[in-house]
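Open the model in your viewer and keep the sequence panel beside it. The stops below say what to select next and what is there.

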Amino acid sequence: ALGRNKEALEKYEESLRIKIKNVGSEHMSVAKSEYNLAILKLSEGKKGEAAALYRHAAEVYGREYGPDHSETLDAVRQVRSCEDEDADGGGGEQVRRVGDGGQTHHATNEARRQRGCAICSAQ
């Protein structure tokens, strides 16, 4: 099964690169691929990478569907789940929802400083 996950991971990563090249990183099909890739990353124990992918998917879903849509809320829950599991210092990052776009952003001052998030800095 691990060999199949690795193969699927490689295929999703290639698919994502192609989609980003063709339609841009903010397209809904890219967000859906990122969400699916995050599932595979999580199964490989790569919680930080999974959280980043879920986070971007949540941002796109929030803009396209709205902050209260089930897919937006699910992606936000997945980010939190990755971070809760990674709370022992393994690189997880706290996030919070801001604005009407359902965007997720860094919840701690340290994370804001490290990431240099323009949205969080303006808050």
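Which residues does V30 touch, not counting residues up to four places away in sequence? Select V30 and show its surroundings: L16, K19, I20, V23, G24 and S25 are the residues touched, where contact means heavy atoms within 4.5 Å.

Before going further, note that this is a predicted model, in which local features need pLDDT of at least 70 and side-chain atom pairs count only at pLDDT 80 or more, while totals for chains, interfaces and linings use all residues. Residues are numbered from 1 along each chain as its sequence is written, and side-chain values use heavy atoms, with hydrogens and water left out.

**Stop 1: V30**

V30 belongs to helix α2. Helices here are DSSP runs of H or I with at least four residues, strands are runs of E with at least two, and both are numbered from the N terminus. The relative accessible area of V30 is 0%, so V30 is buried. Buried means under 20% relative accessible area, exposed means over 50%, and partly exposed is in between (1.4 Å probe, protein chains only).

**Stop 2: S25**

Move to S25, one of the residues that V30 touches. S25 sits in the loop between α1 (2–23) and α2. With a relative accessible area of 33%, S25 is partly exposed. Leaving aside neighbours within four places in sequence, S25 is in contact with I20, V30, H56 and V60. A distance drawn from S25 to V60, C-alpha to C-alpha, gives 9.2 Å, for two residues that are 35 apart in sequence.

**Stop 3: H56**

Follow the contact from S25 to H56. H56 is part of helix α3. Is H56 buried or exposed? Its relative accessible area is 16%, so H56 is buried. Apart from residues up to four places away in sequence, H56 touches S25, E26 and E34.

**Stop 4: the pair α2 and α3**

Select residues 28–43 for helix α2 and residues 47–65 for helix α3; their axes come within 8 Å and cross at roughly 155 degrees. The axes are lines fitted to C-alpha atoms, for helices over the stretch in contact, and angles run from 0 to 180 degrees between N-to-C directions. The two helices are therefore roughly antiparallel to each other; angles over 145 degrees count as roughly antiparallel, under 35 as roughly parallel, 65 to 115 as roughly perpendicular and the rest as oblique.

To see the contact itself, show side chains on both helices. From α2 it takes in M28, A31, K32, E34, Y35, L37, A38, I39, K41 and L42, and from α3 K47, E49, A50, L53, Y54, H56, A57, V60, Y61, E64 and Y65. Colouring these residues by type gives 14 nonpolar, one polar and six charged. In this scheme Ala, Val, Leu, Ile, Met, Phe, Trp, Tyr, Cys and Pro count as nonpolar, Asp, Glu, Lys and Arg as charged, and the others, Gly among them, as polar.

**Stop 5**

A52 counts as partly exposed because its relative accessibility is 39%.

Next select R77, in helix α4 (residues 70–85). At 47% relative accessibility, R77 also counts as partly exposed. R77 and A58 are 9.3 Å apart, C-alpha to C-alpha, and 19 residues apart in sequence.

**Stop 6: the whole chain**

Zoom out and colour by pLDDT, the predictor's confidence in each residue, from 0 to 100. The mean is 78, and 67% of the residues reach 70 or more. Confidence is highest in α3, at a mean of 96, and lowest in helix α6 (residues 118–121), at 42. Over residues 88–104 the pLDDT is below 50, and this stretch has 55 contacts in the model beyond near neighbours in sequence. Where pLDDT is low, the predicted coordinates should not be read in detail.

Of the 123 residues, 37% count as buried.
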